[in-house]
Amino acid sequence: MFEVVVPPNQAKERLDKFLTRFIGSVSRARLQKVIEEGLVLVDGQPAKSSHLVLPNQKIDVCIPKPKKVDILAEDIPLDIVYEDEHLLVVNKPAGMVVHPAFANYSGTLVNALMYYCGELSAVGGRQRPGIVHRLDKGTSGLMVVAKDDAAHQGLSKQFRDKTAQRVYQAVAWHRFRKRQGKIETYIARSPKNRKRMTVQSEGKLAVTNYAVLETFKFLSLVELRLETGRTHQIRVHLSYIGHSVLGDHEYAGRNRQIGSLSSQDDIQLAGELLEMIDRQALHAKTLAFTHPIKKELMRFHSHLPADMQELLNRLRG
């Protein structure tokens, strides 16, 4: 239990939104659940998420510790690109969450892996067995998963030392002025919305290299190589330089961009393309690393998923 006093200059704001911004480390969905359970009191009385906070109100918040949830092994199809006794490489589909978390305890990649493998490395913790690195829910592509602790530690070191290679392709808004370049900023969690990341001076260093592969009327096919692996890095960086990933709900990749188009034909085409894809058009296409046990260089490639390939086919006419 802890107490929050609303600042004297606070404007009217929903209780759940205010607490999300004020606390910072708890998601809005989690706070809404806590409020619903009567564990948040405003001036001593239970309140709803929609309650508008006022200056100098006293808010008591009790956030229970998350329950430890046993991971359910689920028979979910996997696209396995490579497998041996130490690790496997999977091609994750868009729409699949990588590991269980609040409000997502089933249907994840880890649930599928537990059914398929039985046991995975424990280095990542109870909720993330075998997970060396992650992809966002809406991002498709290649991931390496560790079956044992030795493989996990060896792979993690390569990602940490930046010797593992990850190459992505994205369909991004607008034409780039330069055919290639480097985006180097600091990224941190947004103080206004903890589900989003933003460029901030007090964040962690993030470096993305890009090269334009193909240019269309108002879109570009871009290859991206990561030097660091920050949350949402590519999506944040492309949005920051004015080239949001097509279809990205969180980082201005949808209808907001249509207003910048001048011709009616372009506006119509953009609307049709957005109807074709309901996620960010971003795919982890290439993954390379040294096998942590066999010490062999391993490189894997994957084809673009159907939704991105259909977009490109339409753009190419």
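Me: How do strand 1 and strand 6 pair?

Reply: Strand 1 and strand 6 are antiparallel and share four bridges. Two strands count as paired if DSSP finds at least two bridges between them. Strands are DSSP runs of E with at least two residues, helices are runs of H or I with at least four, and both are numbered from the N terminus. This is a predicted model, where local features need pLDDT of at least 70, side-chain atom pairs count only at pLDDT 80 or more, and totals for chains, interfaces and linings use all residues. Residues are numbered from 1 along each chain as its sequence is written, and side-chain values use heavy atoms, with hydrogens and water left out.

Me: Which residue is the bridge partner of Val 4 in strand 6?

Reply: Ile 59.

Me: What is the strand order in the sheet?

Reply: The order is 1-6-3-4, an open sheet of four strands with antiparallel pairing. Strand 1 (2-5) and strand 4 (45-46) are the edge strands, each pairing on one side only.

Me: What packs on the sheet?

Reply: Helix 1 (residues 15-23) does, touching strand 1, strand 3 and strand 6 (58-61). Contact means heavy atoms within 4.5 Å. The direction of helix 1 makes about 75 degrees with that of strand 6. Axes are lines fitted to C-alpha atoms, for helices over the stretch in contact, and angles run from 0 to 180 degrees between N-to-C directions.

Me: And which residues stand opposite Leu 41?

Reply: Pro 46 in strand 4, and Asp 60 in strand 6. Strand 3 has three bridges to strand 6, and two bridges join strand 3 (residues 40-42) to strand 4.

Me: How many aromatic pairs?

Reply: Five aromatic pairs. Rings of Phe, Tyr and Trp (its six-membered ring) pair if their centres lie within 6.5 Å; planes under 30 degrees apart are stacked, over 60 edge-to-face, the rest tilted. One of them is Tyr 82 with Phe 300, tilted, 5.5 Å centre to centre and 45 degrees between the planes.

Me: Where do Tyr 82 and Phe 300 sit in the chain?

Reply: Tyr 82 is in strand 7 (residues 80-83) and Phe 300 in strand 16 (residues 297-301), 218 residues apart. Phe 300 is buried, at 9% relative accessibility.

Note on methods
Buried < 20%, exposed > 50% of the residue type's maximum accessible area, 1.4 Å probe, protein only.
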